[in-house]
4 protein chains.
Amino acid sequence: MLKIAILGAGRIGQVHAANVARHRDAQLALVADPLIDNARALAAHYGGTAVNNPLDAINHPDIDAVVICSPTDTHVELMLAAASAGKAVLCEKPVDLDIGKALEAERALGQHARRVMLGFNRRFDPGFNEIHRRIRNGDIGDLHQVIITSRDPGLAPMNYLKHSGGIFRDMVIHDFDLARWILGEEPVEVFATGSRLFEPALEALGDYDTVMVQLRTASGKQCQINCSRRAAYGYDQRLEVFGAGGMMLNDNQRETTVRHFGAQTTEARGPLLNFFMQRYSEAYQLEMESFISAIGNDGAVPITVHDGCQALKLADAAQRSADTLTVVNVN
Amino acid sequence: MLKIAILGAGRIGQVHAANVARHRDAQLALVADPLIDNARALAAHYGGTAVNNPLDAINHPDIDAVVICSPTDTHVELMLAAASAGKAVLCEKPVDLDIGKALEAERALGQHARRVMLGFNRRFDPGFNEIHRRIRNGDIGDLHQVIITSRDPGLAPMNYLKHSGGIFRDMVIHDFDLARWILGEEPVEVFATGSRLFEPALEALGDYDTVMVQLRTASGKQCQINCSRRAAYGYDQRLEVFGAGGMMLNDNQRETTVRHFGAQTTEARGPLLNFFMQRYSEAYQLEMESFISAIGNDGAVPITVHDGCQALKLADAAQRSADTLTVVNVN
Amino acid sequence: MLKIAILGAGRIGQVHAANVARHRDAQLALVADPLIDNARALAAHYGGTAVNNPLDAINHPDIDAVVICSPTDTHVELMLAAASAGKAVLCEKPVDLDIGKALEAERALGQHARRVMLGFNRRFDPGFNEIHRRIRNGDIGDLHQVIITSRDPGLAPMNYLKHSGGIFRDMVIHDFDLARWILGEEPVEVFATGSRLFEPALEALGDYDTVMVQLRTASGKQCQINCSRRAAYGYDQRLEVFGAGGMMLNDNQRETTVRHFGAQTTEARGPLLNFFMQRYSEAYQLEMESFISAIGNDGAVPITVHDGCQALKLADAAQRSADTLTVVNVN
Amino acid sequence: MLKIAILGAGRIGQVHAANVARHRDAQLALVADPLIDNARALAAHYGGTAVNNPLDAINHPDIDAVVICSPTDTHVELMLAAASAGKAVLCEKPVDLDIGKALEAERALGQHARRVMLGFNRRFDPGFNEIHRRIRNGDIGDLHQVIITSRDPGLAPMNYLKHSGGIFRDMVIHDFDLARWILGEEPVEVFATGSRLFEPALEALGDYDTVMVQLRTASGKQCQINCSRRAAYGYDQRLEVFGAGGMMLNDNQRETTVRHFGAQTTEARGPLLNFFMQRYSEAYQLEMESFISAIGNDGAVPITVHDGCQALKLADAAQRSADTLTVVNVN
């Protein structure tokens, strides 16, 4: 029975706590949060003890693994501390908003890197996962083009946006990771277009509300990403892969499969699942299962800090491309 | 070049006239209608001469074939006259509203029957036709169940309904023909349920606005038909076939394939094609091509007066079943 | 914290045990099964103690409620014993295969009936539930027709079928309950067609592999059910409701929303969820939540033994109708 | 009755001839083709006289309008000759493969330009047209992003490709026109990625088989185009428009709406309409109706040589961008 500590009792910490609690081979042993009441509430619900200092959790001798759900600027420090203490780590993305600091973390982890997993949850979405598997299975032949649609249901509060690192590092970074994983190759060329089409206040932040990105790999595979901070119809998360032998599409999800036919419209379905934790609830569960399975077998985790750094490089390149209206090469 | 006369310049006569006119091997030579102005308008548009007496058309030496689009109670007389005169015939359904008269017509036609085609247009709908072909091709193995949805977009005027013969003989007769053709066997057992759910005035006519029918063939194949005189969302014409190896569905049609995603509903499409002549325009064209091809090759027509009589027998049985709340056997 | 005992540690008992265990307000306290190893395995996994005699569970002073998952012929006895002992009950369908015994149980329960829930799980399926709610909300106006598709992915073993009570009492009974619930009225007229289209061995049992049923309520609402013991493409569970103002459809479910486009076919999706426990896993969870909520509030359960008896009457009527080729009235 | 001459009796000339012939207010009066047998065959079928010199058609006093379907390098010359002779013109795209020559033609047309229509047929596709109309109607609020999928079913012969002007000028030019028309603004920034993923022989031509293009307008609207010379599943022509209030999608078309459910796949539909003349047959018909209506009313045509020049500028910019790996500004 793997003993796991959750560091950070916020909303994503709650998701991970529930998934640890329901797992047969794991148990929620500690919850750490400076807001000790939050830690206590989570522990009361899913088991374990509450502490306010994450280092107490990291250094507790019973703990086998920690899940880092604390603010982004603590990720590197906690990750390194946990790895040094011999713990396996599942860390929420991003590694850090600063690529220098992220690369430094990657180097510092050294041989521990194989037991430090980065939480790019979308790779575990059953639909995206099926597409990844079927591409490798040859179901569409050689891959030529990838198209990712990534639109949030609503703009986050300005206070959040100020510290988010911008749309590319905060939001599109998920799509950069998805692109790398689906393409099976590193993009070498990035071109991004950024616009402020509905939130002019983003100008003061040097940020955008609507972006498009075009990527090319060394072998010539192509990828387009379209992204908006606000889709009126819900959380739009689609993937299209096109190859020499065919195409696959992954659609959005809704509460039910009910369709309505009325005098004005037919085939009308309900709104898309609106909240990322609902849309990706199965992905988060499978992510935790993957982490526990990797750690339990003392094997390597499937997504590493290196993956986090590569996605961040693409985000940095996209930001620069959009800001300077030029193509940016990445290596 | 086949010379064809249209008997009856009403709306269905106009459809057939246009399809004759566009055919490479046929030519509209005569239009007959007691309302001579209607005949003239149609002839002016698609070619040919106008006459007011259909027998003048039937007996004209240049005419190879006639298309009977006149009122139902003239069908038998004109069909027999044309057949006697050596003309090929395409006659709108039904043969007659009276099964005795229809069967008498079938007998009277004798050897001419092979050149008298009954216009059950739905057999030529590309979707229904593909399903028929693929069943025969084994795409779903042995056929077990057929489900037909047949809902009109709106109730016809009471004046029309009074002389329609009732919902089974007027409307469901199309579905009975479709059922026989798809099943590939004669139904031997009919059970029908009739309700007046929105038009109480139909009670005085002994008619229904909403019906369901269940059929069984001698070998045990099963069929359900659901039918309404008024579907708020348009003309609903679907077919489901279920067999030992799978299922096929034929959906409805719309003007375009555009889907709309908004704050309240997603995937919303436009209304169904609302009018039978638009929904089945391709079917009418292919029906005429089939008729001309059969006649041109001096071959047998694909749908005969016998088919019309069998469908009418099922309609009569359904009416009796609904009126008496009993199961009715047909042979 | 409600203390619950599971009576019967088979596959459906396992489903209920898991749903009890994950509920915040309930706890799995006892598992009873004559096969004591099965009871122990289940208790080890989800908590509680194992016993081999269900009466020990029913009479245990700590137990608030029992879930009856034992063989059908024990349902009435255990239900009455538990009710007499003051326990709330959730009993798997059917009440019994014999309508006389079921009606006797209903009478015997008396005032306990309001705390004895029958497990017609489909009412809790999110799609069916949404349709039920939206009909009541007026989204399609007055209800006219209901069409239920209910096809199993494969024939159960002959040994099971021998004691199943036949396709109407074993399988279509779910659809009869769904029909009653959706229609909001009792069907008064039943006509059923039964065929043996792929399993001739059912003749010896007087059973069928393929059936269609047509129902009518006193007010003239209509319902058709189509049913097969074996659908090559998976577990086909659909619902169509048609009313004066529109229509709603509930479609099937698949593992993912991935669609494949290849040289031969386009839009191809994966097979349907094949197993009822996967297809209805959310329904089972919501059913348990509904039961616990009702019991916890000392309120009436939403589905009663009376509902079980009414569905069984329809199943009996359908069996008689199919056997005798007649329409059967129900009251 | 408008008298129309077709210049060029190839496959696109045949499409236009049929659409002239079926129009009530127009008549096919002349067909010109140096391959006089082709001209004769077309005239025999749809009416009119055959000539071998297009200038004979242009200068014939009875002719009101000419449709230029001859090779690209004759477009400018014939267009100018016809305009000078006072004829209305419908010219197939492109104006010319050389932007200098195209701009010179635009200037030379002067006031005749309003009666010279360029044949960007896709604007008349009912689905694209509905989307254009509904954007203007406010159905998705302010437009933010446009995504165009444009994949041919198969690579044209190398001999054709050699003189095609390359994928951007030959194929994507349609999408550039669609983008301009849908966006309602001129793109000012072009970035294109070109790859040779399945036809290495294109390298010798400086051409690509797979391209992606990203566009931005002055106001910040964004557009992505993905394009391939060969889609295994057919002719893939989709459009997505995303705005502040919602999204619309236009899907592909198939022969029928039949869906197949089998043991391996469900919902499988047939291949896409494979040939552009079938996919866009309705668009070609509506294009001709639009031309005849404009000319008949002596009004301005809806698509001009200026539109042809703008699309060609974008194609040139995309070619340069892909060749040089840089962003190209257009004005």
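A polar contact is taken here as a pair of N or O atoms within 3.5 Å, where one atom must be able to donate a hydrogen and the other to accept it. By this rule, eight residue pairs are in polar contact across the interface of chain D and chain C, both residues of each pair being at pLDDT 80 or more, in what is a predicted model. The side of chain D that touches chain C is made up of seven nonpolar, five polar and three charged residues.

The contact between these two chains draws on 15 residues from chain D and 15 residues from chain C. Together the chains bury an area of about 1,200 Å², and carbon and sulfur atoms give 57% of that area. On the side of chain D, 36% of the area buried against chain C is supplied by Tyr233(D), Thr266(D) and Glu267(D), more than by any other three residues. Two salt bridges are counted between chain D and chain C. Glu267(D) also takes part in a salt bridge, in which its side chain meets that of Arg254(C) at 3.3 Å, N to O.

Within chain A, strand S7, which spans residues 143-151, is mostly covered, with nine of its nine residues buried. S7(A) is joined by eight bridges to strand S11 of chain A (residues 236-243), and these two strands run antiparallel; in this pairing Ile148(A) stands opposite Leu239(A). With strand S10 of chain A (residues 222-228), by contrast, S7(A) pairs in the parallel sense over seven bridges, and here Gln224(A) in S10(A) is the bridge partner of Ile147(A).

Several features of the backbone can be described in chains B and C. In chain B, the peptide bond that joins Lys93(B) and Pro94(B) is cis, with omega about -5 degrees, and Pro94(B) lies in the loop between strand S5 (88-92) and helix H5 (99-109). In chain C, a cis peptide bond leads from Lys93(C) to Pro94(C), with omega near -5 degrees, and Pro94(C) is found in the loop between strand S5 (88-92) and helix H5 (99-109) of that chain.

Although Glu267(B) is not a glycine, its phi is positive, at about 65 degrees. This residue is placed in the loop between strand S13 (258-261) and helix H9 (276-279) of chain B, and Glu267(B) counts as buried because its relative accessibility is 16%, the cut-off being under 20%. Leu325(B), likewise not a glycine, has a positive phi of about 60 degrees and lies in the loop between helix H11 (305-324) and strand S14 (328-329) of chain B. With a relative accessible area of 41%, Leu325(B) is partly exposed.

Notes
Residues numbered from 1 in each chain as written. Chains lettered and ligands numbered in written order. Predicted model: local features only at pLDDT ≥ 70, side-chain atom pairs only at ≥ 80, totals over all residues. Heavy atoms only, no water. Contact = heavy atoms within 4.5 Å. Buried area = accessible area lost by both parts, 1.4 Å probe. Salt bridge = Lys/Arg side-chain N within 4 Å of Asp/Glu carboxyl O. Polar contact = N/O pair within 3.5 Å; in protein donor to acceptor, adjacent residues only side chain to side chain. Nonpolar A, V, L, I, M, F, W, Y, C, P; charged D, E, K, R; others polar. Buried < 20%, exposed > 50% of the residue type's maximum accessible area, 1.4 Å probe, protein only. Helix = DSSP H or I, 4+ residues; strand = E, 2+ residues; numbered from the N terminus. Pairing = 2+ DSSP bridges.
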